[in-house]
Amino acid sequence: MDAEDVRRATWRMAHEIVERNPDPSQLAIIGLQTGGVWLAERLARIVGEVTGGDVEMGTLDVAFYRDDIGLRPVLPEAATHIPVDLTGTTVVLVDDVLFTGRTIRAALNALGDYGRARAVQLAVMVDRGHRELPIRPDYVGKNLPTRRDEMVDATEEGVVIGDVQVP
Amino acid sequence: MTATQQAEKRTDATGAPRHLLAIDDLGPEGIGEVMRLTDSFVEVSRRPIPKVPALRGKTVASLFFEDSTRTRLSFETAARRLSADVMTFSAGSSSLSKGESLRDTVLTVEAMGVDAMVVRHSAAGVPTQVAGWVRGASVVNAGDGWHEHPTQALLDCYTIGRRKGGLEGLRIAIVGDVRHSRVARSCVTAFAGLGAHVTLVSPPTLLPASLAGWPVEVSHDFDSVLPKLDVVYLLRLQKERMTEALLPSLREYTATYGLTRRRAELLAPGAIVMHPGPVNRGVEVAAEVVDMDVSAVTEQVANGVAVRMAVLYLLLGSGVDLASA
Amino acid sequence: MVLKGGRVVDATGSRPADVLVQDGEIVSVTAKVSAVPPGTVVLDAGGCVVAPGLVDLHAHLRQPGNEEAETVETGSRAAALGGYTAVVAMPNTDPPIDTAAAVREVLDLGEEACCDVRPAGAITVGRRGEKLAPLAEMAGMGVRIFTDDGSGVQDARIMRRAMEYATALGVTLAEHCEDASLAGGGHMHEGEWSSRLGIAGQPAEAEELMVMRDLALARLTGCRLHFLHLSTAGSLAMVSGAKASGLDVTVEVTPHHFTLTDACVASYDPLFKVNPPLRTEADVAAVRSALSDGAVDAIATDHAPHTQESKEMPFQEAPPGMLGLETALGLALTELALPLERVLALMSWQPARIAGLASDHGGPVEPGRPANLCVIDPDARWVVDPAASASRSRNNPYGGRRLTGRVRHTLLRGEPVVVDGEAQR
């Protein structure tokens with residue numbers, strides 16, 4: 001996908017979010033650090049434009065909820081900033097790439113500590129398959145089948161698939 | 001050559017540091033890592049549910065041979081907020097008997113299935129000895145005699161960082177009984193390691209016998225040093241020092257080295273006052289000065305839990321090799 | 001018995017010779033004994049040095065009172081394995097050796113020992129430094145050295161009186177130089193390391209002040225004085241100067257004070273806690289240099305056993321002291337760049353003279369003399385293993401150290417108490 005493809009997919013996803021969640025005051029769009037933040041910002045902006053209101057946006061670092069702590073170096077990369085009590089809100093979790101599903105599971109655990117959300121939906125730019133947990137996205141930019149050892153990079157500039165660097 | 005370079009097996013299989021016995025175990029990069037982690041844990045502490053599952057399934061034991069309810073609770077709260085389980089062994093209870101060999105006590109505790117031991121003792125070197133005896137547990141020094149109190153220095157660095165944006169180039173004076181202070185030893189290493197200029201302000205009898213190799217200047221004239229300082233770090237003066245012929249009287253000490261109301265007015269704008277606690281109001285500092293805006297004492301206490309969460313996470317959870325951080 | 005194929009070294013010189021021993025005495029010392037009477041036990045001394053047995057001026061055998069750490073029997077066995085045929089037992093036992101009866105008790109315990117055990121007597125009653133102990137009574141039992149070791153005599157007046165009194169008895173007073181008020185309960189040497197490690201230290205001056213005082217008192221009274229375990233450059237310089245001016249004083253140093261420094265305490269391992277404490281590199285250099293230029297008269301072990309539990313305490317709570325009998329010779333041969341003859345002078349005949357044992361110990365190796373001998377293999381390479389010790393205690397700071405030079409056999413009054421490095425009883 002190039003930058004134009006990404007822009008169009010973002011626009012489409014934002015409209016799908018509005019379609020499903022007509023009242024923006026009930027929404028909170030939370031971007032996962034660090035890959036999902038740019039997408040969350042764009043979605044929040046477009047949803048706000050479309051509905052004519054302001055939608056809450058936040059960021060979440062799930063380092064402390066990961067299930068591989070102690071197996072490899074795990075350090076938080078950036079801030080967690082959740083501006084509102086999430087009780088009764090519909091949260092749209094946003095990430096750049098959906099892979100095994102473990103990051104999203106960690107995010108669901110983390111969200112639980114901020115209040116009891118009414119619902120949690122998931123938006124990702126790329127679904128690359130290879131799920132290890134029963135997690136499925138609600139809004140997808142593009143489905144991209146990949147090999148397990150490939151690396152997928154999804155940003156505003158586009159989506160790129162590369163080989164894993166062998167040390 | 002530092003004391004802790006003698007301890008064997010300093011890192012585990014993933015390259016994480018195994019123990020925190022002295023500030024030197026971290027180095028400036030390691031201190032920076034702890035500072036960054038502390039930011040995350042400060043945020044965790046502000047949540048409605050101030051808890052993360054990061055150390056779930058791990059057990060942290062506090063072995064407080066020397067009583068200190070405040071420090072012990074700070075560590076135990078930190079462990080609980082990381083979802084670790086906590087075991088308490090304190091001097092007050094019968095669980096630490098005086099006659100038993102120290103080594104036997106430690107191995108017994110470890111055998112109960114403990115991942116980390118937080119050790120405080122009135123004798124210098126005990127955490128280092130403990131680290132030499134345990135087979136797999138991590139050891140955190142919560143204060144050993146006059147030697148070191150690394151987590152105190154870390155929370156002090158964090159507090160200064162929040163107030164002043166960083167330590168590089170800051171002029172810091174550590175005032176008082178340096179000779180008998182583990183906080184002073186840790187802070188000198190930490191502050192100087194992060195680029196601050198450290199001056200010790202103290203009567204000669206309260207300085208260590210030798211300052212060779214210490215990255216400090218010395219002054220016996222508090223008034224002349226005061227106006228140039230960014231941070232005044234006051235140490236607690238114990239009354240026993242009078243009976244040891246180190247000082248003639250508390251009054252003379254306060255007159256020459258106390259941060260009185262008069263001296264507080266000599267402070268430059270933006271300067272802050274710190275103290276590791278508990279404060280002897282009227283001795284090392286005038287009562288009203290502690291409550292002024294210039295004092296960062298309550299922030300020090302507040303930051304303690306988050307800093308200790310960072311330390312526990314680094315030793316037990318993160319798998320990070322600080323040497324390359 | 002014959003010690004065959006070795007080189008005899010004593011104060012008179014060095015020569016290859018076989019030594020024939022009978023009924024506890026040396027019978028002949030000749031090159032290559034050809035005809036050996038039937039039934040003679042032959043101990044191989046090929047490639048080895050046959051020397052007068054070593055004499056330790058300073059060992060703590062802990063009996064009576066602290067048998068858990070050591071007994072006269074186990075301590076003397078360790079001594080024999082280290083090449084010693086005589087050991088001066090320090091009087092800081094419980095009860096202390098401050099009466100004739102206490103001397104008798106230790107002498108009796110020593111009857112069956114693997115080396116000659118000669119008790120030293122305390123200078124003051126109970127070693128408390130207040131009142132003179134019955135020195136004449138104890139001298140009548142054969143005691144030649146008196147000391148309050150474990151502490152120094154703090155009161156100058158008491159030490160002066162003791163010295164004056166002792167001049168009539170022809171005995172030697174030995175001092176553990178430590179001014180308690182200046183030492184102030186310090187657990188290690190006061191200096192760079194104690195400041196860094198946060199452990200209360202005692203300055204070199206705590207030892208030197210008492211050295212200075214006792215030299216002045218010795219000059220005043222004419223008493224023969226021996227300095228136990230001197231450890232600082234300052235102390236050695238002062239005594240050296242006093243000797244040069246003709247004063248009758250002698251000096252011993254320990255192996256740990258010429259091999260270890262206060263940097264060892266960085267591990268906080270109480271194995272390195274000792275009194276006087278391990279000092280700086282400059283002090284260690286001064287001790288080595290005093291050993292080679294003759295300012296020091298003897299190497300003594302200050303063998304100080306402590307139970308394992310007592311050394312598994314925090315550093316400042318543990319008792320001071322390290323083992324030494326089994327490692328002293330190896331350390332001296334490996335670490336000091338001195339000829340073997342000089343090491344033997346420092347460990348055999350010079351201490352024998354100071355202890356008043358020269359008639360039985362310290363050689364020379366010649367017919368008619370008691371057969372108190374050790375056979376040393378100067379090229380034997382070995383690694384110190386604290387677990388393999390005859391001592392009841394394990395507080396040996398040299399575990400894992402590689403040494404060259406080891407005792408092969410030890411003869412006590414003609415009896416082989418150590419053969420091929422194994423104690424025979």
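**View 1. Chain A, its build and its burial.** Buried residues make up 40% of the 167 residues in chain A. A residue is buried if 20 or more other C-beta atoms lie within 10 Å of its own, exposed if 12 or fewer, and partly exposed in between, with C-beta atoms placed from the backbone. This is a predicted model: local features need pLDDT of at least 70, side-chain atom pairs count only at pLDDT 80 or more, and totals for chains, interfaces and linings use all residues. Residues are numbered from 1 along each chain as its sequence is written, while chains are lettered from A and ligands numbered from 1 in the order in which they are written. Chain A has 3 helices and 7 strands. Helices (H or I, at least four residues) and strands (E, at least two) are DSSP runs, numbered from the N terminus. Along the sequence, their order is α-β-α-β-β-α-β-β-β-β. The radius of gyration of chain A is 16 Å, close to the 15 Å that the globule rule gives for 167 residues, so chain A is as compact as a globular protein of that length. That radius is taken over C-alpha atoms, and the globule rule is 2.2 Å times the number of residues to the power 0.38. The C-alpha atoms of chain A fill a box of roughly 50 × 35 × 25 Å along the principal axes.

**View 2. A hairpin in chain A.** Strands β6 (residues 150-155) and β7 (residues 158-163) of chain A run antiparallel, joined by 6 bridges. Two strands pair if DSSP finds at least two bridges between them. The hairpin passes from β6(A) to β7(A) through 2 residues. Look for A:Ala154, which stands opposite A:Val159 in β7(A).

**View 3. Where the chains touch.** Among the 2 pairs of chains that touch, chains B and C have the most contacts. Two residues are in contact if their C-beta atoms, placed from the backbone, lie within 7 Å. Chain C gives 19 residues to the contact and chain B gives 24. Helix α6 (residues 192-197) of chain C supplies the largest share of chain C's side, 4 residues. That side of chain C has 7 nonpolar, 7 polar and 5 charged residues. Ala, Val, Leu, Ile, Met, Phe, Trp, Tyr, Cys and Pro count as nonpolar, Asp, Glu, Lys and Arg as charged, and the others, Gly among them, as polar. Chains A and C share no contact, and their closest C-alpha atoms lie 29 Å apart.

**View 4. The two domains of chain C.** Chain C is divided into domain 1 (2-49 + 368-423) and domain 2 (53-354). Domain bounds come from an automatic or database domain assignment. The contact takes 30 residues from domain 1 of chain C and 39 from domain 2 of chain C. On the domain 1 side, β16 (373-383), β17 (402-412) and β18 (415-419) of chain C each supply at least two residues. β17(C) gives the most, with 7 residues. By class, this side of domain 1 of chain C has 17 nonpolar, 10 polar and 3 charged residues.

**View 5. A buried alanine in a loop of chain C.** C:Ala266 sits in the loop between α9 (256-259) and α10 (281-293) of chain C. C:Ala266 is buried, with 20 other C-beta atoms within 10 Å. C:Ala139 lies 127 residues from C:Ala266 in sequence and 44 Å away in space, C-alpha to C-alpha.
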